[in-house]
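The entries follow the order in which I looked things up.

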Amino acid sequence: MTMTLFEQAGSLRIGVVDFVSPDEIKVLLDIEAPESVELNTGGPRPFPRVNGYLLVPVDDGFLVGQTEWITVERSPFPKRRGMQDFGLVDLPYPLRKLRLNPLGTLRTGENVEKYIFRRGADALPSVGTAVLLPTAIQLRSIVESSEKRWVKIGTSPLADDAQVCVDPNRLFGRHLAVLGNTGSGKSCSVAGLIRWSLEQARKSRKDGLLPKARFIVLDPNGEYSRAFGGDQMIKPRIFKVNPDREKGERDLKIPLWFWNSAEWCSFTQASAKTQRPLLRRALREVKSGRVDVAASTEEEKRMALRRFLSTRLICVQSDLKTDVIFTDESKFGFRLKAVFSDIDAMITEHPDNCLAEVRDAINGALSATYNRFETRGKIVEYYRAFSEVQVSKIITALQSALQTVGGIVYQERPDEDTPLYFQGADLADHLEALANQENVSQYLDFLVARIRMFLSDPRIRGIIETTDGITLDQWLIDYIGADASAGGCVSVIDLSLVPTEVVHVVTAVIARMTFEALQRYVKVNDETLPTVLVMEEAHTFIKRYKEDVENQDAATVCCQVFERIAREGRKFGLGLVLSSQRPSELSPTVLSQCNTYLLHRISNDRDQQLVHRLVPDNLKGLLRELPLLPSQTAILLGWATELPVLVKMNDLPKSQQPRSDDPEFWDVWIGSSQEGAPVSRTADWKKIARYWKEGS
């Protein structure tokens, strides 16, 4: 004989509502309510249990509440339901109470055995309303509530091991933060989310081919090569310093001509007043006067010459209009001298473009105004004021030369941030020439020396100098992914051996190039190309900084790149995944833009306080469990889940786990594992020293 809904509700009753507010419901438990285990919901289940779920009937459904705390109060008088024997002494009975945080509403679906959960509540219960235990079906309906449950990531130990599934659109589309202490399982969770998503996507494809997914993992500790290396389903592209080519690894290349002016200024520590403006000018001019590494055709060389002549013509015309030729004639003269040297070097390659006439016009003006004198044993060179006739001849010659290559181009003049090929030595030489032109050598000598020193460092040169003819489009194919993911779904960029001096700049360039490439993809195709950027050890690269500092270092510039991605990435299809063990050190801007959080064990007080500030007040009770969470267990909350849920993450085989194991001190000390397998460590320091001295 089956029970009616009312009879079933009566059998599941455990108490009544004692206090109601929009964010809190207090419940008085019945004396007959279970004290440790309840058996009438489809199977034995611990009750009462902190963070467990209870139901309160409202209108046409149930209000779902999550238990925050349980307590016992001493009653001043006996409270007992049913018949009483007034002839006996009835002593005060302890009262059990608990508090619920309202989460949402559970309603009946198409049939009685199906329920639908939605966040929020249309109505709140009254005092005295019965509080019920959810059945096994109801409990699963609460946790398994999302409509697009495509990727299973684990089970919920608080909901009868119901499957916890997520929608990748929500998980990656609005940024995800994976936070927790070292050893709590963050790296395995990140690797698992990528792997489980790709595996499910492949199963869901009708043709069974590789998913058209793009994940870019920035890996400062070199952990993920093991997690994805050699996997034919994912086909990872692994980039690192000194790669193992037998394993298919590739050289990490971040060409210096990719860097924008902000990254150059932070890398070289250029001062704001004199060095930074001239560095930006030098970048602009070496890019406008050089041919791209792929510019091997006559048409490409012709365009490079056209840009160079256009730049020089615009500058000379501007100096004439602003009377620089009269007010700062010596500076103007040294600029013309640099142009003369550049054109003189180009005449051989471009003999039919009237460059000789430009050279002769400049030489005539320089010869007529040049002067020198000797003071204290030093020769001082300078130029007297130029006449309008002399400058007009130069302008006319430049215009004639431009006509031979198609005329002046204003819109195609590159700025200092355009990724056009040049060599590092050219930049240092041109910057030194500009210093001489502007007579500010004393301010730029150290800047030029720093650039030359960095460029001569073999550790850095191997990463930023390209000798294999890499082009911008080929770099985008290699690092972001080819069309239809032909080259694989995951790029693992191993930063573990990148020198400290450039690791922040390299990281910033990779992130910015990815973001700006996707920006232009949207502009060209009018649709997004979904891509996920994963940043491990995010507290190192997205660290909060002081905004009032005049000269921003490379770490600050790196953080600013990720702040921009966090604010604008969603519009261009770029999702961000952050993994950090110190959330209190992260940029507040980036952390506040994350809409989903996967929280592992967090013990530090400051980190706990920060996490508490990120979630609504009525959910903070769940976060009190953060210091107690075992490894592989986390709290999922935010946009990707209908309600906060405790998740035991799926298992990953040892071969698919990132290389982040705790050191096995005891096993090494005694020479064997707990299973009896021998454990040995050979300290061959000669081999290490040789590897070290070879630049690895």
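**Entry 1. Helix H4.** I am working from a predicted model. I began with H4, residues 186–204, and listed its buried residues: Lys186, Ser187, Ser189, Val190, Ala191, Gly192, Leu193, Ile194, Arg195, Trp196, Ser197 and Leu198. I then checked the length of the helix. H4 has 19 residues, and its first and last C-alpha atoms are 27 Å apart, close to the 27 Å expected at 1.5 Å a residue.

**Entry 2. The whole chain.** I looked up the totals next. The protein chain has 24 helices and 23 strands. Its length is 696 residues, of which 49% count as buried. I also took the contacts between residues at least 6 apart in sequence, and 70% of these join residues at least 24 apart.

**Entry 3. Helix H10 and its partner H11.** I ran the same length check on H10, residues 329–346. Its 18 residues should span 26 Å at 1.5 Å a residue, and the end C-alpha atoms are 26 Å apart, which agrees. Buried in H10 are Phe332, Gly333, Phe334, Leu336, Ala338, Val339, Ile343 and Met346.

How do H10 and H11 lie relative to each other? The axes of H10 and H11 (residues 355–369) are 9 Å apart, and the packing angle is about 150 degrees. Angles over 145 degrees count as roughly antiparallel, so H10 and H11 are roughly antiparallel to each other. The crossing of H10 past H11 is left-handed. On the H10 side I noted Gly333, Leu336, Lys337, Val339, Phe340, Ile343, Asp344 and Met346, which meet Leu355, Val358, Arg359, Ile362, Asn363 and Leu366 of H11. By type, this contact comes to nine nonpolar, two polar and three charged residues. Gly333, Leu336, Val339, Ile343 and Met346 of H10 are on the list for this contact and are also on the list of buried residues.

**Entry 4. Helix H17 between two neighbours.** I looked at H17 (residues 500–525) against H19 (residues 554–568). Their axes come within 8 Å and cross at roughly 25 degrees. The cut-off for roughly parallel is under 35 degrees, so H17 is roughly parallel to H19. H17 passes H19 in a left-handed crossing. From H17, the residues making the contact are His504, Val505, Thr507, Ala508, Ala511, Arg512, Phe515, Glu516 and Gln519; from H19, they are Ala554, Ala555, Cys558, Val561, Phe562, Arg564, Ile565 and Glu568. I sorted the residues of this contact into 10 nonpolar, three polar and four charged.

Which residues of H17 does H6 meet? First I took the geometry: H6 (residues 261–268) packs on H17 at about 175 degrees, with the axes 10 Å apart. H6 and H17 are therefore roughly antiparallel to each other. Glu263, Ser266 and Phe267 of H6 meet Glu501, Val502, Val505, Ala508, Val509 and Arg512 of H17. This contact divides into five nonpolar residues, one polar and three charged. Val505, Ala508 and Arg512 of H17 are listed for the contact with H6 and also for the contact with H19.

**Entry 5. Two residues with positive phi.** Asp526 is not a glycine, yet its phi is positive, about 60 degrees. Asp526 is in the loop between H17 and strand E19 (531–535). Glu537, also not a glycine, has a positive phi of about 50 degrees. Glu537 is in the loop between E19 and helix H18 (538–541).

Is each of them buried or exposed? Asp526 is exposed, with a relative accessible area of 69%. Glu537 has 15% relative accessibility and counts as buried.

**Entry 6. Gln581.** I found Glu537 again among the contacts of Gln581. Leaving aside neighbours within four places in sequence, Gln581 is in contact with Gly180, Asn181, Thr182, Lys186, Glu537, His539 and Asp607. Gln581 is in the loop between strand E20 (574–580) and helix H20 (588–593). With a relative accessible area of 24%, Gln581 is partly exposed. Asp607 is 26 residues away along the chain, and the C-alpha atoms of Gln581 and Asp607 are separated by 8.7 Å. Lys186, another contact of Gln581, is one of the buried residues of H4.

**Entry 7. Ile670.** Ile670 is partly exposed, at 45% relative accessible area. Its C-alpha atom is 9.2 Å from that of Ser680, 10 residues apart along the chain.

Methods: Residues numbered from 1 in each chain as written. Predicted model: local features only at pLDDT ≥ 70, side-chain atom pairs only at ≥ 80, totals over all residues. Heavy atoms only, no water. Axes fitted to C-alpha atoms, helices over the stretch in contact; angles between N-to-C directions. Helix = DSSP H or I, 4+ residues; strand = E, 2+ residues; numbered from the N terminus. Parallel < 35°, antiparallel > 145°, perpendicular 65-115°, else oblique. Left-handed = near helix turned anticlockwise from the far one by under 90°. Contact = heavy atoms within 4.5 Å. Nonpolar A, V, L, I, M, F, W, Y, C, P; charged D, E, K, R; others polar. Buried < 20%, exposed > 50% of the residue type's maximum accessible area, 1.4 Å probe, protein only. Expected span 1.5 Å × (residues − 1).
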